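Colleague: Hi! Could you walk me through this one while I have it open?
Modeller: Happy to, just ask away.

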Amino acid sequence: MLMSGFNSLIGLLFIAMLVFAVVALVFAALAREDAYRAADKQSKSFWLIILGVTVVVDLFLPMLILQIAGLIATIVFMVDVRPALRQVSGGGRGPRGSSSDGPYGPYNGGR
């Protein structure tokens, strides 16, 4: 009984890793190539290859060490590369700010 619950938990973990890698791959594919250069990150093709290999490993090669390496690459992309790409591309500002905002609030030219 306990082992079947443990196995289903492990299966859910592997599915979550696969979904996380697919989402990162989609984000990497949708970003512009010049944004990678402007953010001073590895090239778009580099990240597409790394994340694509991660998805293939998660789908077809149930080797834990390779899946963990892919998970680390996916986490690096999502917490380091993707925010840098969003900042360079101008995305993600939303209602927080505009192009005239300085570090301490809106810049209004001394008015």
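Modeller: One term before we start: the bend at a residue is the angle between two axes, one fitted to the seven residues ending there and the other to the seven starting there. Also keep in mind that this is a predicted model.

Colleague: Good to know. So where does H4 bend, and by about how much?

Modeller: The bend is at Phe77, and it comes to about 35°.

Colleague: And how does the end-to-end distance of H4 agree with its 26 residues?

Modeller: H4 covers residues 64-89, and at 1.5 Å a residue it should span 38 Å. Its end C-alpha atoms are 35 Å apart, so the two values agree.

Colleague: What follows H4?

Modeller: Gly90 does, with a positive phi near 85°.

Colleague: Let me zoom out for a second. What is the order of the elements from the N terminus on?

Modeller: The order is α-α-α-α-β-β, which is four helices and two strands.

Colleague: How much of the chain counts as buried?

Modeller: Of its 111 residues, 23% do. The accessible surface comes to about 7800 Å², and carbon and sulfur atoms hold 69% of that.

Colleague: What about contacts between residues at least 6 apart in sequence?

Modeller: Among those, 62% join residues at least 24 apart.

Colleague: Back to H4, then. Which of its residues are buried?

Modeller: They are Gln67, Gly70, Ala73, Thr74, Phe77, Met78, Val81, Ala84 and Leu85.

Colleague: Pick one for me. What does Thr74 touch?

Modeller: Leaving out residues up to four places away in sequence, Thr74 touches Phe20, Ala21, Ala24, Leu51 and Thr54. Thr74 has a relative accessibility of 1%, so it counts as buried.

Colleague: Which parts of the chain does the pair of Trp47 and Phe77 link?

Modeller: Distant ones: Trp47 is in helix H3, Phe77 is in helix H4, and they are 30 residues apart. Taken together, the ring pairs link Phe46, Trp47 and Phe77 into a cluster.

Colleague: Is Trp47 buried or exposed?

Modeller: Trp47 counts as buried because its relative accessibility is 7%, and Phe77 is buried too. Phe46, at 33%, counts as partly exposed.

Colleague: Where does the charged end of Arg82 sit?

Modeller: Over the ring of Phe27, 3.7 Å from the ring's centre.

Colleague: Let's switch to H3. How far apart are its end C-alpha atoms?

Modeller: They are 24 Å apart, and the 17 residues of H3 should span 24 Å at 1.5 Å a residue, so that agrees. The buried residues of H3 include Lys44, Leu51, Gly52 and Thr54.

Colleague: Val57 is in there as well, I think. What does Val57 touch?

Modeller: Pro62, Leu66 and Gln67, again not counting residues up to four places away in sequence. Val57 and Gln67 are ten residues apart in sequence, with their C-alpha atoms 6.5 Å apart in space. At 9% relative accessibility, Val57 counts as buried.

Colleague: Great, thanks for the tour!

Key: Residues numbered from 1 in each chain as written. Predicted model: local features only at pLDDT ≥ 70, side-chain atom pairs only at ≥ 80, totals over all residues. Heavy atoms only, no water. Expected span 1.5 Å × (residues − 1). Buried < 20%, exposed > 50% of the residue type's maximum accessible area, 1.4 Å probe, protein only. Phe/Tyr/Trp six-rings, centres within 6.5 Å; stacked < 30°, edge-to-face > 60°. Lys NZ or Arg CZ within 6 Å of the ring centre and 35° of its normal. Contact = heavy atoms within 4.5 Å. Areas by Shrake-Rupley, 256 points an atom, 1.4 Å probe, with all protein chains shown as cover.
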